[in-house]
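Hi everyone, thanks for making time today. Please have a look at the sequence and the structure on the screen, and then we'll walk through a few places together.

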Amino acid sequence: MFSKLKLLAKDTVIYGSSTILARSLNYILVPLYANKLTTFDNGIQAVIYANIALANVLFCYGLETSYLKVASDAIKKNEDERSYFSTAFASLLVTSTIFALLIALFAPSIASLIGLSPNAGTFIRFAALILWLDTMLVVPFAELRLKRKAIQFALAKVMGVVGGVISAFVLIIPLKAGLSGVFIAEAIGSLVSLLFVLPVLKNLKPFFSFELYRELLRIGLPYVPTGIAGLLIHLIDRNLLIRIPQADIERLYGAGFQASDITGIYGRVAAFGVVLQLFIQVFRFAWQPFFLQHADDPEAKRLFRQVLNLSTIMVIVLAVAATFFVPDLVRYHYGGRLYLLPPKYWMGLSILPWIFFSYVFDMISTNLSAGLLITGNTRYLPVVTFLGAAVTCVACWILIPLSGMDGAAIAILAGTAVMCLSMAWFSLKVFPLRYDWGRLTLLLAAGLLFAACHDDLVLFLGGFGLTGGAAIALKLAIVMLYLGLGTLIFRSEAMAVVRLVQARFTPAGGAEKR
């Protein structure tokens, strides 16, 4: 089992390095957009990007996951998986072209439908192009993951982001393209990634099988409502904030703001959830092929329990650390010239603890989804995610008029928690496994307590004159204390991590001598 944990760790490091590098480069755009675009324009972008993510699920209709499943099974049987590759790619090419053309044709109406002015139709057409390019990347990227060609995967991802970031700076600063430049740069980045995966298309052959296509759809289509509902948990907030009544805005935030301004502020602050989102995305890339390949191993259930413990511990610790330090990073005046987010965005920083801890439940759900996919019970996935989405939508509808941005963030936390609980119910029903729920609950409760007391701690320290470096040092000590608590609660998992690190840095010859 230890060697398999090392294999998962190795893939996670490679996928993680590329994803972290790509997101880090992409994250440069957050202060660029916050400082160079108005909060109103940032609100338009936040709403359209949220709906791009939702539309992407429809464009792909589950073929990434279904291709990984059927191609993995074909390889195990020593069969040629290229037939599946050609069928999946050809189908996405045809359907995404049709979808993109329809969006471009009805762009003004779609803009009105999502709460924007019909004049935003131009940005909707840019979104259609981005969706088409991203869909063309789905099957080639899945093939690279399946064949564990992590380096090539990483190169295509990173170079696409590099192209997009450079384009954004050129378009927005010297060319002053404004909001249009944001969408054009995104399309350029996707095009660069597509150029880098062209060698993968050598697997294409003039072949299309309706029988194989039906098999891909049978596995993949249940992921469409699942994917939409899962995204709604993190994106319905923007679509409802853009509709917040002006009277509620003035009651909560004073005069001078419109719904698009509030949405823009919320979107830019919530983007700092990338700290947690990155880790989960990296883990998911390596986790899905990993559990499919090792599902039949005698030690699989013990292995999966260890993976859930280790990954959840890491996310909880990251959530606590981010709650303590991200606001300081945002408010710091770099070189006396630049803020990550200008002061007008700071009123949204109170949403961060809720956003960070929602990703803890996302990580647990990601682990638990293995049971449903391994046993083929994907029919439960729509139920799980729709429960989470329904709770998020209802909570947003109730809480946004009452608490604005904070209400939206709390709704997300509630939705992810319900999704996690329902995922556990169905997954353990079909794939029984004894997880360490007691210890995990204790660690999570302690983490939520630390995060909830953060603002009071800041005020308390300020009362004693502890600010700046002294306050940061004390916060660091508190985070390390929490990490120590986690190590004490999960002693065996901590020792497993130590062994992984030792194996990583111990020369092979030295290991053999011992």
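Which hand does the crossing of H16 and H17 have? It is right-handed.

Before going on, a word about what we are looking at. This is a predicted model, where local features need pLDDT of at least 70 and side-chain atom pairs count only at pLDDT 80 or more, while totals for chains, interfaces and linings use all residues. Residues are numbered from 1 along each chain as its sequence is written, and side-chain values use heavy atoms, leaving out hydrogens and water. The helices are DSSP runs (H or I, at least four residues; strands would be E, at least two), numbered from the N terminus.

Back to our pair. In general, two packed helices are described by the angle between their axes and the distance between the axes. For H16 (residues 300-331) and H17 (residues 352-374), the axes come within 8 Å and cross at roughly 165°. H16 is therefore roughly antiparallel to H17. Axes here are lines fitted to C-alpha atoms, for helices over the stretch in contact, with angles from 0 to 180 degrees between N-to-C directions. Angles over 145 degrees count as roughly antiparallel, under 35 as roughly parallel, 65 to 115 as roughly perpendicular, and the rest as oblique.

Tryptophan 354 sits in H17. With a relative accessible area of 34%, tryptophan 354 is partly exposed; buried means under 20%, exposed over 50%, and partly exposed in between (1.4 Å probe, protein chains only). Setting aside residues up to four places away in sequence, tryptophan 354 touches Asp406, Ala409, Ile410 and Leu413, where contact means heavy atoms within 4.5 Å. Its C-alpha atom is 9.1 Å from that of threonine 323, 31 residues apart along the chain.

Now a second pair. The axes of H4 (residues 63-76) and H5 (residues 82-105) come within 10 Å and cross at roughly 165°, so these helices are roughly antiparallel to each other. H4 passes H5 in a right-handed crossing. On the H4 side, the residues that meet H5 are Leu63, Tyr67, Val70 and Ala74, and their partners in H5 are Tyr84, Phe85, Ala88, Ser91 and Leu92.

In the loop between H3 (39-60) and H4 you'll find tyrosine 61. Tyrosine 61 is not a glycine, yet has a positive phi of about 35°. Is tyrosine 61 buried or exposed? At 8% relative accessibility, tyrosine 61 counts as buried.

Compare lysine 176, in the loop between H9 (150-172) and H10 (178-196). Lysine 176 also has a positive phi, about 50°, without being a glycine, but lysine 176 is exposed, at 68% relative accessible area.

Last stop: H15 (residues 274-294). This helix has 21 residues and reaches 29 Å from its first C-alpha to its last, close to the 30 Å expected; the expected span is 1.5 Å times one less than the number of residues. Where is the kink in H15? A kink of about 30° lies at tryptophan 287, shortly before proline 289, the bend being the angle between axes fitted to the seven residues ending there and the seven starting there. Of the 21 residues of H15, 15 are buried, so this helix is largely enclosed by the rest of the structure.

Methods:
A crossing is left-handed if the near helix is turned anticlockwise from the far one by less than a right angle, and right-handed if clockwise.
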